[in-house]
Amino acid sequence: MRNDGNGYAAGPNGTSMWGKYGAAGLLLITHSGSVLLQHRAPWTNQGGTWALPGGARDSHETAAEAALRETHEETGIAPESVTVHTELVTAGPFPADPNRPDIAGDWTYTTVIGSTAGELATEANEESLELAWVPLDEVANYPLLPAFAAAWPRIRQQAEADLTARKNPQP
């Protein structure tokens with residue numbers, strides 16, 4: 001079952017999206033408000049842009065499990081170092097394409113928001129040019145993957161709400 005999500009699903013307007021069962025990525029934020037960004041390798045889809053670590057979901061995984069697995073593969077950060085707070089579907093679902101019955105429909109991208117106490121050490125794999133901890137206020141200044149840029153205002157709003165809730169827990 002491992003890697004059974006590798007492959008394409010139907011996207012909008014005849015496009016294809018990576019991940020037969022959808023895809024997920026992790027917005028990892030520290031208590032001080034830095035987030036981990038991945039500078040995508042040139043050979044990846046829209047390489048050279050910045051986005052979140054993430055990738056295809058396998059059939060047996062939740063979005064959070066996929067995001068944590070992919071983050072571990074791409075950054076070396078262990079899943080047990082992350083506290084998951086929120087899941088947001090930030091793209092899709094896209095219906096099946098009757099002209100391409102061989103590929104799945106209902107693709108979604110889920111952004112999982114998680115936290116860690118501080119900036120953890122990272123080790124980039126071949127999918128990254130580099131990894132960087134970036135202040136929340138500076139993320140939009142980077143050349144972002146277009147889909148991530150489109151979703152960023154909503155993701156940022158939720159990340160800030162999660163950060164505030166952690167700093168001011170309710171009794």
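**Rings, a pocket and a helix residue**

Me: W107 is buried in this model, and so is Y109. What kind of model is it?

Reply: A predicted one, so keep that in mind as we go. Let's take the aromatic rings next.

Me: Okay, how do I read a pair of rings?

Reply: A pair of aromatic rings is described by the distance of the centres and the angle of the planes. In this structure the count comes to 5 aromatic pairs. Take W50 and Y142: the ring centres are 5.0 Å apart and the planes sit at 75 degrees, which is over 60, so this pair is edge-to-face.

Me: Is W50 buried or exposed? And what about Y142?

Reply: Buried means under 20% relative accessible area, so W50 at 6% is buried. Y142 has 25%, so that residue is partly exposed.

Me: Back to W107 and Y109: how are their rings arranged?

Reply: Their centres lie 6.5 Å apart with the planes at 40 degrees, so this pair is tilted. Ring pairs also bring in F94, linking it with W107 and Y109 into a cluster.

Me: Let's turn to empty space. How do I look for it?

Reply: Rolling a probe the size of a water molecule over the atoms shows where empty space is left. Here, the largest pocket holds about 970 Å³ of space. It is lined by 34 residues, and those closest to its centre are W18, R40, N45, G55 and Y109.

Me: Which elements each supply at least two residues of that lining?

Reply: There are strands and helices on the list: β2 (16–18), β4 (34–40), β6 (54–56), α1, β7 (83–94), β8 (107–116) and α2. By type, the lining residues of the largest pocket divide into 16 nonpolar, 11 polar and 7 charged.

Me: What is A67 in contact with, leaving aside neighbours within four places in sequence?

Reply: A24, G25, L26 and V112.

Key: Residues numbered from 1 in each chain as written. Predicted model: local features only at pLDDT ≥ 70, side-chain atom pairs only at ≥ 80, totals over all residues. Heavy atoms only, no water. Contact = heavy atoms within 4.5 Å. Phe/Tyr/Trp six-rings, centres within 6.5 Å; stacked < 30°, edge-to-face > 60°. Buried < 20%, exposed > 50% of the residue type's maximum accessible area, 1.4 Å probe, protein only. 1 Å grid on protein atoms, 1.4 Å probe; cavity = no way out; pocket = protein on both sides within 12 Å on 5 of 7 lines; lining within 4 Å. Points joined across faces, edges and corners; volume = space filled by probe spheres on them. Helix = DSSP H or I, 4+ residues; strand = E, 2+ residues; numbered from the N terminus. Nonpolar A, V, L, I, M, F, W, Y, C, P; charged D, E, K, R; others polar.
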